[in-house]
Amino acid sequence: MWTVVGEALSGSGRMLLEPLQSVGESLKWEKQKEAEWLGSSQETESVSTWSPNFWRKDLEEKLIQYMTSQIPPFGSSSNTDETALKQHLSQLEMTFLPSLEHRSGFFKEAGLLVTYTRSCHASLSSHLSTLTETNHFSFSQCLLIYEWGVKMYKSETCLRPRQTPQHSLSLGVVWIILKTEENLLAVARKEVGKALKEAFDIGKPPCADAAVIEILTEKMEAAWRVSESLSEKVEAVCLEECLRFLE
């Protein structure tokens with residue numbers, strides 16, 4: 001069954017639609033049988049004894065593994081290179097997401113669009129988190145990723161397909177944005193804390209605290225250009241860090 005899915009992912013024609021539909025039917029059958037199993041007199045036994053119980057999870061894992069392997073590498077030698085990050089996000093938007101979008105139609109016809117879209121969310125969310133954490137991105141770089149995530153949320157791609165109820169699948173995209181926002185606020189807190197330590201170190205000139213005010217202002221204004229609510233959150237974490245430092 002997973003061979004069929006692998007061929008559908010790497011193929012380009014409709015010849016694999018029928019085999020893919022058989023996978024969808026198998027998963028429907030699995031769900032029905034699991035419900036019958038849970039409702040039978042054997043319900044006290046472990047669900048894990050029902051062997052196909054994890055078929056859908058296995059399918060998601062296979063899809064995520066494939067999608068992750070198709071993500072273009074981020075090839076910057078400097079973790080402060082915003083140009084390289086913009087190019088990478090552009091690659092994701094112009095090549096990676098369209099390639100997923102191209103195959104989404106086959107999975108929709110096979111009744112597997114929800115599973116396919118969840119896998120899109122998971123692979124992209126994991127990549128953006130790894131990208132941010134591994135490269136120790138600055139606040140401005142995290143803000144670029146956040147802006148890009150919001151842009152993708154507003155667009156109609158495989159991340160938020162118009163063929164399905166948006167209230168269910170858009171939750172995955174919201175999670176991507178929230179996770180990116182979490183990273184953004186953590187970096188803002190870290191950079192403000194560093195600036196405070198440097199400003200109040202013994203031997204620093206008295207006017208050094210002006211650098212802290214400048215950093216706070218820059219971050220809030222940059223966030224405000226994206227959204228007022230984000231600016232308020234950035235302001236809140238920065239002030240919290242200032243209070244924590246003064247305690």
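Modeller: Val-234 is buried, at a relative accessible area of 0%. Buried means under 20% relative accessible area, with exposed over 50% and partly exposed in between (1.4 Å probe, protein chains only). This is a predicted model: local features need pLDDT of at least 70, side-chain atom pairs count only at pLDDT 80 or more, and totals for chains, interfaces and linings use all residues. Residues are numbered from 1 along each chain as its sequence is written, and side-chain values use heavy atoms, with hydrogens and water left out.

Val-234 sits in helix 9. Helices (H or I, at least four residues) and strands (E, at least two) are DSSP runs, numbered from the N terminus. Leaving aside neighbours within four places in sequence, Val-234 is in contact with Phe-139, Leu-185, Lys-219, Met-220 and Ala-223. Contact means heavy atoms within 4.5 Å. The C-alpha atoms of Val-234 and Ala-188 are separated by 7.0 Å, although these residues are 46 apart along the chain.

The largest nonpolar core has 49 residues. Such a core is a set of buried Ala, Val, Leu, Ile, Met, Phe, Trp, Tyr and Cys residues joined through side-chain atoms within 4.5 Å. Those with the most contacts inside this core are Met-67, Leu-85, Leu-92, Phe-96, Leu-128, Phe-139 and Trp-148. At least two core residues come from each of helix 3 (55–70), helix 4, helix 5, helix 6 (139–154), helix 7 (166–199), helix 8 (209–224) and helix 9 (228–246). Helix 7 gives the most, with 10 residues.

Stay with helix 7 for a moment. Glu-181 is placed there. It counts as buried, at 10% relative accessibility. Beyond four places in sequence, Glu-181 is in contact with Tyr-146, Leu-230 and Lys-233.

Ser-125 lies in helix 5. Ser-125 is buried too, with a relative accessible area of 9%. Apart from residues up to four places away in sequence, Ser-125 touches Trp-175 and Ile-176.

Now the helix packing. Two packed helices are described by the angle between their axes and the distance between the axes. Axes are lines fitted to C-alpha atoms, for helices over the stretch in contact, and angles run from 0 to 180 degrees between N-to-C directions.

Take helix 4 (residues 82–109) and helix 5 (residues 113–134): they pack at about 165°, with axes 10 Å apart. That makes helix 4 roughly antiparallel to helix 5. The cut-offs are under 35 degrees for roughly parallel, over 145 for roughly antiparallel, 65 to 115 for roughly perpendicular, and oblique for the rest. The crossing of helix 4 and helix 5 is right-handed. A crossing is right-handed if the near helix is turned clockwise from the far one by less than a right angle, and left-handed if anticlockwise. Helix 4 contributes residues including Leu-85, Leu-92, Phe-96 and Phe-107 to this contact, and helix 5 contributes residues including Tyr-116, Leu-124, His-127 and Leu-128. By class, the contact of helix 4 with helix 5 has 12 nonpolar, four polar and two charged residues. Here Ala, Val, Leu, Ile, Met, Phe, Trp, Tyr, Cys and Pro count as nonpolar, Asp, Glu, Lys and Arg as charged, and the others, Gly among them, as polar.

Helix 5 also packs on helix 6, at an angle of about 165° with the axes 11 Å apart. That makes helix 5 roughly antiparallel to helix 6. Their crossing is right-handed. Leu-124, Leu-128, Leu-131 and Thr-132 of helix 5 meet Cys-142, Ile-145 and Trp-148 of helix 6. This contact has six nonpolar, one polar and no charged residues.

The axes of helix 4 and helix 6 come within 10 Å and cross at roughly 20°. That makes helix 4 roughly parallel to helix 6. This crossing is right-handed. Among the residues in contact are Glu-82, Leu-85, Leu-92 and Glu-93 of helix 4, and Ser-140, Ile-145, Trp-148 and Lys-151 of helix 6. The classes here are eight nonpolar, two polar and four charged.

Leu-92 links these pieces. Residues up to four places away aside, Leu-92 touches partners including Leu-124, His-127, Leu-128 and Trp-148.

Last, the whole chain. It comes to nine helices and zero strands. Buried residues make up 41% of its 247 residues. Among contacts between residues at least 6 apart in sequence, 69% join residues at least 24 apart.
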